[in-house]
Structure formats: C-alpha cells, structure tokens
Amino acid sequence: MGQDILYHLAMGTESHNLVEMFGDVKFVCMGGTPQRMENFAHYVMKEIDFNLPIGATLIDLSQYRYSMYKVGPVLSISHGMGISSIGILLHEIIKLMFHAKVKNPIFFRIGTSGGVGVKGGTVVISDTACDELLNNYYETPIVGNLVKRPAILDQSLVQELKALADPEDPYDVVTGGTMCANDFYEGQGRLDGAFCNYSEKDKMDYLKKLQNHGVKNIEMEVVPFAAMTHHAGIRAAVVCVTFLDRLKGDQRKW
Ligand SMILES: O=P(O)(O)O[C@H]1O[C@H](CO)[C@@H](O)[C@H]1O
Ligand SMILES: O=c1cc[nH]c(=O)[nH]1
C-alpha cells in the first residue's frame, strides 16, 4: 500500500509521523467510554510521574469515533460498546502499532461488567473468554465464510496482574471466566429490557449454568479482544470491575 488510512482513528501513514508519535508505546489500554480513558490517562500521568511540557495539556489525539490519549509509553483509548466497535478499533490499533514499529506492546481492556456470584465492586481478571453459548472462540463471517478464531488470554499476564492485588485493597480481586454478550439486555438474561419473553427461572437457570462453567462476570468485548490479540501474537489481558451481582438483580444503583 502506498499509504494506509486508519479511518476511524482519523490518522494515516502519510498525514502523520506514526513512528515519532507512537514509537515508544509499551502498553495499550482500552475501555468503553472517552471520559474513563481520559481519566485513566490522568491517573497514569500521576502514577508514573509523567510531566507534560510546560503549558501543555493532555489532548485527545483522535477526536473522531474513538478518543485516544498518550502518556509516555501508555496509550489510553476508548473502544465504545460491543463486538463490532472494539473489532474495528483493534484492526486499526494493531496496524498503528505495526506502522509505528512498536515491538511487543501489551494490550489491556479495563472495563465494567455484571458479576456472576461475586459482589459488586469485585475486580475480575479474565482467565478465559466465552460467548453466550459458552464457545471459547470468536466466530465471524469473512468473505462469506464463518471463521473461528480461538479467544485466548495470556495466562502469565493473568498471574502477574493477580500478584499486584494488595490484601489491603478495599475490594476483592479474583480470576475467572468472562462471558461476552452481543447485547446488554436479553443477551445477558436481563428481565428489564424492552422485551423479555422468558421467565425469571429461565434467567436464573442460565446465570447458574454460566457460574457452573466458571464464569465470574459478563461484559461485551472480551471474545473479539482475546481472539484478535491472540491472532496477532499480542499479550493481552482483560480486567473489569463488577457493578452488581447478576444473581441478585439486573439494575445498577447509581
Ligand atoms: O464499561 P465498558 O468498558 O464499556 O464495558 C461494558 O459496559 C458496556 C455496557 O454497558 C459494554 O461495553 C460492556 O462490555
Ligand atoms: O451487567 C453489566 C454491566 C456492565 N456491562 C455489561 O455488559 N453488563
């Protein structure tokens, strides 16, 4: 290709010096909302004692479909909600890392989720990823064929992250399976969607089936995230807080 346009990042290999802008990246952190990822960038700035040049402020480098902040070796990017949104971002971020000549970046998704048998506020480090039917692969149509890519997370990273938990932390940190749903309501067995043509017992039977399978939380991106990073040979981890225990309810209290 003469040039490569990273359309949804509003960047390109001709218009931007990607090596100069991103060549020192070591960690790519992504999460759903622009505000969270801006807050996270500020948090990282304090944690690593990173000083911006005098008079400069942290700016959104993308300002289009996704928001992107860079603090030294850390990229903090919003991915929106669901499989197709994070899938498009992953294509473009993996290409961005390639064009910037970054070697061995580590990718993280830091998100929110619904707990399954764990109390609200628990931090779940995903060790496995499955879909609503308990498949551990990402199945996606490519040129008219259904292609399956194994959704595998880096187990050594899971252990490294777990070791960072402090017994003094005012929340539990657990490892476990994460179920990726295509939908927030019916897809996660909620009773409070616009439609619900199943009973409370159907919901509880399903959630208990997930729990018996080792699922600790439910969110909406882990399967493509695990599959696409694994396919690209990138070490990756998913760390999500739970808002509530889905065995006890459907709605988060604000
Ligand atoms: O908080 P984030 O990272 O967006 O993750 C979770 O929240 C969204 C649903 O409310 C889904 O994207 C789900 O995966
Ligand atoms: O229950 C929840 C909470 C956050 N995100 C989800 O996908 N589900």
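Author: Helices (H or I, at least four residues) and strands (E, at least two) are DSSP runs, numbered from the N terminus. This is a predicted model, in which local features need pLDDT of at least 70, side-chain atom pairs count only at pLDDT 80 or more, and totals for chains, interfaces and linings use all residues. Residues are numbered from 1 along each chain as its sequence is written, chains are lettered from A and ligands numbered from 1 in the order in which they are written, and side-chain values use heavy atoms, leaving out hydrogens and water.

Reader: Which strand gives the most to the shell around ligand 2?

Author: Strand 6 does, with 3 residues. A residue belongs to such a shell if one of its heavy atoms lies within 4 Å of the molecule.

Reader: And which polar side chains lie by ligand 2?

Author: A polar side-chain atom of glutamine 188 lies 2.8 Å from a nitrogen atom of ligand 2, and one of arginine 190 lies 2.6 Å from an oxygen atom.

Reader: Turning to ligand 1, which residues surround it?

Author: Among them are Gly32, Arg36, His79, Arg109 and Thr112. A polar side-chain atom of threonine 112 lies 2.5 Å from an oxygen atom of ligand 1, and for arginine 109 the corresponding distance is 2.6 Å.

Reader: Why does ligand 1 lie between two domains?

Author: Domain 1 (1-103) and domain 2 (112-254) both give residues to its shell, so ligand 1 lies between them. The domain bounds come from an automatic or database domain assignment.

Technical notes: A polar contact is a pair of N or O atoms within 3.5 Å; within protein, one must be able to donate a hydrogen and the other to accept it, and residues adjacent in sequence count only if both atoms are side-chain atoms.
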